[in-house]
Amino acid sequence: MNLGFLVGVFGVLILSHAAYSTIQYRGLLKIMEEEFSRPPINVILELIIGLALCMWAALTFPGKFLSIHPDSDENRAVSLPDNSDFMIFNHRGRLFPPQIDMKF
Amino acid sequence: MLVSSSRITRAREMVTKTEETLLNQLENQVDNGGGGTWEYLCLIRNLKVRRSEKVLKHGSSILNDQKKRSALGPDEWTLNEQVAIAAMDCQCLGVAQSCIKALQTKFPGSKRVGRLEALLLEAKGLWGEAEEAYASLLEDNPLDQAIHKRRVAISKALGKPSIAIELLNKYLELFMADHDAWRELAELYLSLQMYKQAAFCYEELILSQPTVPLYHLAYAEVLYTIGGVENIISARKYYAATVDLTGGKNTRALLGICLCASAIAQLSKGRNKEDKDATAAPELHSLAAAAVEKEYKQKAPDKLQLISSALRILKT
């Protein structure tokens, strides 16, 4: 798999490890009967690293992003669809039929 | 509508630049013997462009080949319909007849096939029979939009635009949201030089689909044609809206701005200075002229001299 996917998996693993650490820390605090204000510094650092890795993976893994501007060079209107509901057949082209033979 | 194997299956308002380049690319590929014929035909059907000769040539090559035909599966019938209509457009009525016969054997008593048969009568030039066929189809189905539209097309083909306009107006009283019909009505009015009515139709189109720049462009051109200072000022606004919506790549709108500016300057010659300054938009004019010159430098450098002198005359 490519790098983005691996980094994304790694980031998710780091986040889940941080969550597990926080749950264990709360368990420890319950035993020592202290208040739970915030997780320890190393868990917060782990969370920030996991966030950065996951964001990077989310932007690189899906590949090329498509433009959403209606006036960008790819999305701009070039022509309208030909009005085929009102198409008429007696135009000048009917004098030059191409030679097609059907076998079915 | 049968579900086809192509990627793009939504209602069409306009053809974008990527779709146009993809279409041209596929067309080159198919014309030079590369594969991708079915993809090309699906794209034509979805974009609703009218490339009847190509569809006829490549579609009939698929239909003639027994192996390729059975490889399509249920899409074979959609291809039959597409090739039938293309054959009628190219006046290869034998091909159209065989396609319709195949569809008739597969779907006997189908309304859609009945419509195709009436269309074939139109292509043969038997207008009376076609009218009768449509009338009988309408008895079973009085609110069939496609049949009403074909009756308008018959009047148009017979060279009676006033009758076509009458029928189309009656149709639009029932189906006011049909923007194809409004477009057709605008073009019919323009062919009869009834500019104010055509302007009304384009206003309806802009109201219902404000993001399609080509309606703004058409409206601006109708206003410019009607003439008069107020109309040309509005035309300039709509040309500017078109430039905005197309990212500045529509040369016609840019030139329209330059022409409007010159026309306003000429028509307001008799007015006093404050009025003139209120209606002039010198930055818009010079920006549009610069953009036009840039486009020409990129795409047609040998005509750059011509356009520069023309724009200089318009500025004075």
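Is B:Glu184 buried or exposed? B:Glu184 is buried, with a relative accessible area of 3%. Buried here means under 20% relative accessible area, exposed means over 50%, and partly exposed is in between, with a 1.4 Å probe and protein chains only.

Before I go on, the ground rules. This is a predicted model, in which local features need pLDDT of at least 70 and side-chain atom pairs count only at pLDDT 80 or more, while totals for chains, interfaces and linings use all residues. Residues are numbered from 1 along each chain as its sequence is written, chains are lettered from A and ligands numbered from 1 in the order in which they are written, and side-chain values use heavy atoms, with hydrogens and water left out.

Back to B:Glu184. The side chain of B:Glu184 meets that of B:Lys156 in a salt bridge, 2.7 Å from N to O. A salt bridge is a side-chain nitrogen of Lys or Arg within 4 Å of a carboxyl oxygen of Asp or Glu. This pair links distant parts of the chain: B:Glu184 is in helix α11 of chain B and B:Lys156 in helix α9 (residues 145–157), 28 residues apart. Helices (H or I, at least four residues) and strands (E, at least two) are DSSP runs, numbered from the N terminus. B:Lys156 is partly exposed at 25%.

A second bridge in chain B joins B:Glu81 and B:Arg112, with the closest N and O atoms 2.6 Å apart. Here too the pair links distant parts of the chain, with B:Glu81 in helix α5 and B:Arg112 in helix α7 (residues 111–124), 31 residues apart. B:Glu81 counts as buried at 17% relative accessibility, and B:Arg112 is partly exposed at 32%.

Now chain B as a whole. Chain B has 18 helices and 1 strand. Its C-alpha trace spans about 75 × 45 × 30 Å along the principal axes. Of its 316 residues, 47% count as buried. Among contacts in chain B with a separation of 6 or more, 49% come from residues 24 or more positions apart; contact means heavy atoms within 4.5 Å.

UniProt, in an unreviewed entry, places "domain: EMC2 TPR-like" at residues 113–222 of chain B. UniProt positions are given in the numbering used here, feature names are shortened, and annotations may be inferred rather than shown by experiment. Over that span the chain is 82% helix and 0% strand, and the end C-alpha atoms are 39 Å apart.

Next, two glutamines in loops. Most residues other than glycine have a negative phi. B:Gln91 has a positive phi of about 65° and lies in the loop between α5 (75–89) and α6 (93–106) of chain B. B:Gln193 has a positive phi of about 60° and lies in the loop between α11 (179–191) and α12 (195–208). B:Gln91 is buried at 19%, whereas B:Gln193 counts as exposed at 56%.

On to chain A. The unreviewed UniProt entry gives a "transmembrane region" at residues 42–61 of chain A. That span is 95% helix and 0% strand, and its end C-alpha atoms lie 28 Å apart.

At the end of that span is A:Phe61, which brings in the aromatic pairs. The structure holds 5 of them over all chains. Rings of Phe, Tyr and Trp (its six-membered ring) pair if their centres lie within 6.5 Å; planes under 30 degrees apart count as stacked, over 60 as edge-to-face and the rest as tilted. A:Phe5 and A:Phe61 form a tilted pair, 5.5 Å centre to centre with 40° between the planes. A:Phe5 is in helix α1 (residues 3–32) and A:Phe61 in the loop between α2 (41–60) and β1 (77–79), 56 residues apart. A:Phe5 counts as partly exposed at 32%, and so does A:Phe61 at 43%.

Last, the interface. In all, 29 residues of chain A are in contact with 53 residues of chain B. The area buried between the two chains is about 3800 Å², of which carbon and sulfur atoms give 61%; buried area is the accessible area (1.4 Å probe) that two parts lose on being put together, summed over both.

How many salt bridges cross the interface of chain A and chain B? The rule finds 2. A:Asp73 forms a salt bridge with B:Lys249, the closest N and O atoms being 2.9 Å apart. A:Asp73 is partly exposed at 37%, and B:Lys249 is partly exposed at 33%.
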